[in-house]
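Hi,

Here is the structure I promised to pass on.

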Amino acid sequence: MTVSEIVDRRGNNRENLLQILHDIQDSSGDNSIHRDAIEELAKIMDITVADITGTLSFYTMFSTKPRGRHIIRLCESPPCYIMGSENILDALQKKLGVKLGETTPDKKFTLEPSSCLGTCGVAPAMMIDDEVYGNLNAKKVSEIIDSISKSGGN
Ligand code: FES
């Protein structure tokens, strides 16, 4: 879907900017918002590029750098940290062969830090795309990654 189709669908209104940016990111093919899309959007919505980049830098769910098909957000806030999020980070890094902030060579996963996901009751927790996974341990992390990898999919 093109930027202009997305704006038409959501409505060319500043109030819809976040949703429009989400849609642009989702349809980018690499989970990011490209510079040319930002410039086109600024023109279509009659707002400045700085306005858009300011919004993008405020929200951690947006990226202007290419990312993997699946975004893993590991919670690093205190309740998860106390419950062992560092061990989960180790397990994820070993399983994926990447460090925090990196994307796997097959472009399947990007590993990112996150603040509280709002599911502290099941700490340590992480989110992959739109799904939250809690009460994590190294074995569970490995199984989750295997199952997403096998699903082959989106
Ligand atoms: S602190 Fe990790 S989910 Fe709240």
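Helices (H or I, at least four residues) and strands (E, at least two) are DSSP runs here, numbered from the N terminus. Bear in mind that this is a predicted model, where local features need pLDDT of at least 70 and side-chain atom pairs count only at pLDDT 80 or more, while totals for chains, interfaces and linings use all residues. Residues are numbered from 1 along each chain as its sequence is written, and side-chain values use heavy atoms, with hydrogens and water left out.

The overall picture

The protein has seven helices and four strands, and from the N terminus the order reads α-α-α-α-β-α-α-β-β-β-α. It splits into domain 1 (3-58) and domain 2 (70-150), with bounds that come from an automatic or database domain assignment. The C-alpha centres of the two domains are 28 Å apart. Along the principal axes, the C-alpha atoms fill a box of roughly 50 × 30 × 25 Å.

Of the 154 residues, 40% are buried. By that I mean under 20% relative accessible area, with exposed being over 50% and partly exposed in between (1.4 Å probe, protein chains only). Taking contacts (heavy atoms within 4.5 Å) with a separation of 6 or more, 59% are between residues 24 or more positions apart.

Domain 1

Let's start with H1 (residues 3-10), whose buried residues are Val3, Ile6 and Val7. They cover an arc of only 100 degrees around the axis, which puts them on the same side of H1; the arc is that of the directions from the helix axis to the C-beta atoms. Asp8 and Arg9 are exposed on the other side of H1. H2 and H3 are among the elements that cover the buried residues of H1.

How do H2 and H4 cross? The axes of H2 (residues 17-26) and H4 (residues 49-58) come within 11 Å and cross at roughly 80 degrees. That makes H2 roughly perpendicular to H4. On the H2 side the contact is made by Leu17, Leu18 and Leu21, and on the H4 side by Ile52, Thr55 and Leu56. For the record, axes are lines fitted to C-alpha atoms, for helices over the stretch in contact, and angles run from 0 to 180 degrees between N-to-C directions. Angles under 35 degrees count as roughly parallel, over 145 as roughly antiparallel, 65 to 115 as roughly perpendicular and the rest as oblique.

Now look at Phe62, in the loop between H4 and E1. Phe62 is buried, with a relative accessible area of 6%. Leaving out residues up to four places away in sequence, Phe62 touches Leu18, Leu21, His22, Gln25, Ile33, Leu56 and Arg67. Leu21 is 41 residues from Phe62 in sequence, yet the two are 8.1 Å apart in space, C-alpha to C-alpha.

Domain 2

H6 (residues 85-96) has twelve residues and reaches 16 Å from its first C-alpha to its last, close to the 16 Å expected at 1.5 Å a residue (the expected span is 1.5 Å times one less than the number of residues). Ser85, Ile88, Leu89, Ala91, Leu92 and Leu96 are the buried residues of H6. Seen down the axis of H6, they fall within an arc of 165 degrees, so they line one face of the helix. Asn87 and Lys94 are exposed on the face turned away from that buried side. The cover over the buried residues of H6 includes E1 (70-75), H5 (78-82), E2 (109-114), E3 (126-128) and H7 (138-150). Just after H6, Gly97 has a positive phi of about 75 degrees.

Most residues other than glycine have a negative phi, and most peptide bonds are trans.

- Asn31, in the loop between H2 and H3 (35-45), has a positive phi near 55 degrees. At 15% relative accessibility, Asn31 counts as buried.
- Asp46, in the loop between H3 and H4, also has a positive phi, near 55 degrees. Asp46 counts as exposed, at 69% relative accessibility.
- The peptide bond from Ala123 to Pro124 is cis, with omega near -5 degrees. Pro124 is in the loop between E2 and E3.

Cheers
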